[in-house]
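Thanks for coming. Please take a moment with the sequence and the model on the screen before I start.

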Amino acid sequence: MALLDNVKASLGSWTREPCFIELTPRRTPKPLYADQLLGNIEAMKRDLRTWGIVKGSPVPLFLHNSIDFVIAFLALMDLGAIPVLANMDFRRLELAEIFADVRPPAVLAEKNHLGYLQSHLGGCTVISHDGGEFKVIGHRENAGHDGEIDEEIASINYTYRGCGYPLGALIPPCLLYTSPSPRD
């Protein structure tokens, strides 16, 4: 069973139980209930489609750890797009490598991080995240991908190797599948 299928099945049985509790900057707990998370994933998936992101589109995520990161990641997976996980602290050389390798048609990034990414965003649909909201601030007519990423890649995870060039691990769908539990 696919990871996303397991997540949806599990959340479906939780309904009004909090599945995430995020601390706001003021340290106030912000719960997100299972049914809300499922609804938010579906809404984000619709938005991504509206913004031109299609199956196979690699989309780098430059987002803080948050509920919104989880929603964006799962919505991209549900859409069949390829989430590209990268560290927000990567240096310009590392970013240049990532953008040259992936040639993303779209990028999701924190609004306050866009200036740092600016030189790499030409020709991309730019989706800004600020205050819990995603909105398009730069639009490419077709956010489909015209690169050479194998359609059997579910996610690309970049990490630092210590020599200035990041290493991208191509995660195939088979690694995102889990075997059914004995209860299934």
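This is a predicted model: local features need pLDDT of at least 70, side-chain atom pairs count only at pLDDT 80 or more; totals for chains, interfaces and linings use all residues.

Residues are numbered from 1 along each chain as its sequence is written, and side-chain values use heavy atoms, with hydrogens and water left out.

First, the cores. A nonpolar core is a set of buried Ala, Val, Leu, Ile, Met, Phe, Trp, Tyr and Cys residues joined through side-chain atoms within 4.5 Å; buried means under 20% relative accessible area, with a 1.4 Å probe and protein chains only. The largest such core has 29 residues, and M44, L48, I53, L61, L108 and F134 have the most contacts inside it. Helix 3 gives the largest share, ten residues. Apart from this core lies another, of 20 residues, with V107, V126, I156 and Y158 among them.

Next, the hairpin. Helices (H or I, at least four residues) and strands (E, at least two) are DSSP runs, numbered from the N terminus. Strand 6 and strand 7 are antiparallel and joined by five bridges; two strands pair if DSSP finds at least two. I127 stands opposite V136 in strand 7. Two residues separate the strands of this hairpin, and G131 in the turn has a positive phi of about 60°.

Note on methods: Buried means under 20% relative accessible area, exposed over 50%, partly exposed in between (1.4 Å probe, protein chains only).
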